[in-house]
Amino acid sequence: MPVMSHGAPSLWTQLPQSGRTPSDRYKHACCGYDGSVYMLGGRGSGCLRDFWKYSVVRNEWAELSCEGDGAPEEVEGHSMVAHQGFLYVFGGMLDSAYSQSLCPLWVFDVAQQKWVVWQGKTPQAQRPGNRKGHSAVVLGSSMLLYGGLLDMRGSSQEFWTLDLGESESDAAADGRDVDHGAVCVCVCVPGSMAWSQLGPQQAAPGPGPRHSHSAAAHRGCMYLFGGLKGLREQRDFWRWSCVGRTWSALRTKSVSKDELIIQRVGVCST
């Protein structure tokens, strides 16, 4: 596998693939954890349910099980994030009266390599419903979830936080007895795995309704860019501060191609 140095120009490298690999798809979800990249679902000729793990060191794909009571069904336009040994998948179910009655959250135990049944603290009516094209990031011990497409209701500006809290693996590490027999249940201490909605303050700015945008977490903030409002493409850029609990619109300076080349040469020559 090619080795990249920190001083080398930032270039894409196509990785040769051998053995079994995922099929062509879009609207899937990926996240990285502990030297591996995990990929779930998406859409090919139809909605997919397969679950894959890519080893960065070995440049090798392996298909994981997506069966059991705690596993998701076919999903597309969903999100997936990692936190302290668990992957959290949200949304992406096919729209139906059944899917709208559920909280579409699934949890994968990386160490056990299995989907677990989670037990949350929040009543069903106070949890986010199924959606597609939303964004999700992890800040501290919380997952922040923004927007998405809510079936026939269109784009949403709902902003939710899920307290990931302390999991069973943490309790076991502390020497506390955890035993559920043959069923693997992700039980969190009181106050964890609880949903709460971050409502917009009156007269306060914010990204507004949108879906198919992108978001990332950096130094205690969530950064959100673009997306669609209805059928209109957006190019605005926003930052959510967990300290001030406010949105700020960011204005960026345009950089030409020549300026980027000069910056790259300057970095490589120092």
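Predicted model: local features only at pLDDT ≥ 70, side-chain atom pairs only at ≥ 80, totals over all residues.
Biologist: What is the phi of D151, and is D151 buried, partly exposed or exposed?

Modeller: As background, most residues other than glycine have a negative phi. D151, which is not glycine, has a positive phi near 35°. For exposure, the cut-offs on relative accessible area are under 20% for buried and over 50% for exposed, with partly exposed in between (1.4 Å probe, protein chains only). With a relative accessible area of 24%, D151 is partly exposed.

Biologist: How many bridges join strand 1 and strand 2, and in which sense do they pair?

Modeller: Two strands are taken to pair if DSSP finds at least two bridges between them. Strand 1 (residues 29-33) and strand 2 (residues 36-43) pair in the antiparallel sense over 5 bridges, including those that set C31 against Y38 and A29 against L40. The two strands form a hairpin with 2 residues between them, and D34 in that turn has a positive phi of about 55°.

Biologist: To which strand do 7 bridges join strand 2, and how many residues of strand 2 are buried?

Modeller: Strand 2 is joined by 7 bridges to strand 3 (residues 47-55), with the two running antiparallel. One of the bridge pairs is R43 with C47 in strand 3, and the hairpin formed by strand 2 and strand 3 has 3 residues between them. Strand 2 is mostly covered, as 6 of its 8 residues are buried.

Biologist: In what order do the 4 strands of the open sheet stand, and which strands are at the edges?

Modeller: The order is 16-17-18-19, with antiparallel pairing. Strand 16 (214-218) and strand 19 (246-249) are the edge strands, each with a single partner, so one side of each is left without a neighbour in the sheet. Neighbouring strands here are turned by 25° against each other on average, direction ignored; such angles lie between axes fitted as lines to C-alpha atoms (for helices, over the stretch in contact) and run from 0 to 180 degrees between N-to-C directions. Strand 16 meets strand 17 (residues 221-229) over 5 antiparallel bridges, and A217 stands opposite M222 in strand 17.

Biologist: How many aromatic pairs does the count come to?

Modeller: Rings of Phe, Tyr and Trp (its six-membered ring) pair if their centres lie within 6.5 Å, and planes under 30 degrees apart count as stacked, over 60 as edge-to-face and the rest as tilted. By this rule there are 16 aromatic pairs. Among them, Y146 and F159 are edge-to-face, at 5.5 Å centre to centre with 65° between the planes. Y146 lies in strand 10 (residues 142-146) and F159 in strand 13 (residues 159-163), so this pair ties together parts 13 residues apart in sequence. Y146 counts as buried at 2% relative accessibility, and F159 is buried with a relative accessible area of 2%. The rings of W160 and W195 have centres 6.3 Å apart and planes at 90°, so this pair too is edge-to-face. W160 lies in strand 13 and W195 in strand 15 (residues 194-197), so the parts tied together are 35 residues apart in sequence; both W160 and W195 are buried. Ring pairs also link Y38, F51, F108 and W115 into a cluster.

Definitions and conventions
Residues numbered from 1 in each chain as written. Heavy atoms only, no water.
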